[in-house]
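Please look over the chain below.

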Amino acid sequence: MNLRAVGAIYKVEMARFFRTLAQSFISPVISTSLYFVVFGTAIGSRIDQVEGISYGAFIVPGLIMLTVMTQGISNASFGIYFPKFIGTFYELLSAPINFLEIVLGFAGAAATKALFIGLVILATSAFFVDLTILHPLAMLAFLVLTCISFSLFGFIIGIWAKNFEQLQLIPLLVVTPLVFLGGSFYSISMLPPFWQGVSFFNPVVYLISGFRWAFFGTSDVPIGLSLLAIAGFTAACLAIVWWIFRTGWRIRS
């Protein structure tokens, strides 16, 4: 393992993040505040509690997951697409480093950024609601695994994309709707029986449900299924990344 190469890629990606630190820090704080104003005040005034939890606190895990997923994808996809776009990515391919070291550098930096923003949102939420985390280690584990898996997914999107428009295609048309329909701001048990059954085909439901369990000890699906879902998604992304470098798909001229 060439740790120097991994560190160099990681530092370059993190330097780009710190150059816009104010934007990276202020933007999620403002977005979180707006969500609490709209959902916590407008809707929360009509929904007092969900499964014995105040509505303002109930939406916090979903809000964190929404941001972490989208940030992990966007940071990783742009991080790998831009070097491919300007041609410096092919210099990495010709360097004496393997695909695992390249992925660790780019996806590791994207996961770190997503984790940072997730923690910022968690801290911001404490100003609006009384929040108690029943299983802090499980919460942190779910958060880190989500950051890693969706950064890997974003890495795949960055390799797949042929232009900047395609970088936003899957996050906007697939991931964001799945998150909103995955119980981010409501419980699946509140839906009619038919739509409850449909919701269980949404993989994001298992991630959000497991993350919410770490906060409140309640979930829409068994915690074991949530762990299996996040582990399976991470393994699938790793397998796809391995296949990309094995075959040269979209990375060979």
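This is a predicted model: local features need pLDDT of at least 70, side-chain atom pairs count only at pLDDT 80 or more; totals for chains, interfaces and linings use all residues.

Residues are numbered from 1 along each chain as its sequence is written, and side-chain values use heavy atoms, with hydrogens and water left out.

**Pockets**

A pocket here is an open set of points on a 1 Å grid over the protein atoms alone, where a 1.4 Å probe fits, with protein on both sides within 12 Å along at least five of seven lines; lining residues have an atom within 4 Å of a point. Its volume is the space filled by probe spheres set on the points, which are joined across faces, edges and corners.

| Pocket | Volume |
|---|---|
| Largest pocket | about 500 Å³ |
| Second largest pocket | about 240 Å³ |

The largest pocket is lined by 23 residues, and Ser-27, Gln-71, Ser-74, Asn-75 and Ile-117 lie nearest its centre. Two or more lining residues come from each of α1 (3-19), α2 (21-43), α3 (55-86), α5 (99-125) and α7 (164-180). Helices are DSSP runs (H or I, at least four residues), numbered from the N terminus. The largest share of this lining, 8 residues, belongs to α3. By class, the lining of the largest pocket has 8 nonpolar, 13 polar and 2 charged residues. Nonpolar covers Ala, Val, Leu, Ile, Met, Phe, Trp, Tyr, Cys and Pro, charged covers Asp, Glu, Lys and Arg, and the others, Gly among them, are polar.

The second largest pocket has 16 lining residues, with Ile-9, Val-12, Glu-13, Pro-83 and Phe-106 nearest its centre. Here α1 gives the most to the lining, with 7 residues. The lining of the second largest pocket comprises 11 nonpolar, 2 polar and 3 charged residues.

**Helix pairs**

Helix α9 (residues 203-216) packs against helix α10 (residues 223-247) at an angle of about 125 degrees, with the axes 8 Å apart. Axes are lines fitted to C-alpha atoms over the stretch in contact, and angles run from 0 to 180 degrees between N-to-C directions. That angle makes α9 oblique to α10, oblique being what is left after under 35 degrees (roughly parallel), over 145 (roughly antiparallel) and 65 to 115 (roughly perpendicular).

The axes of helix α6 (residues 136-160) and α7 come within 8 Å and cross at roughly 135 degrees, which makes α6 oblique to α7.
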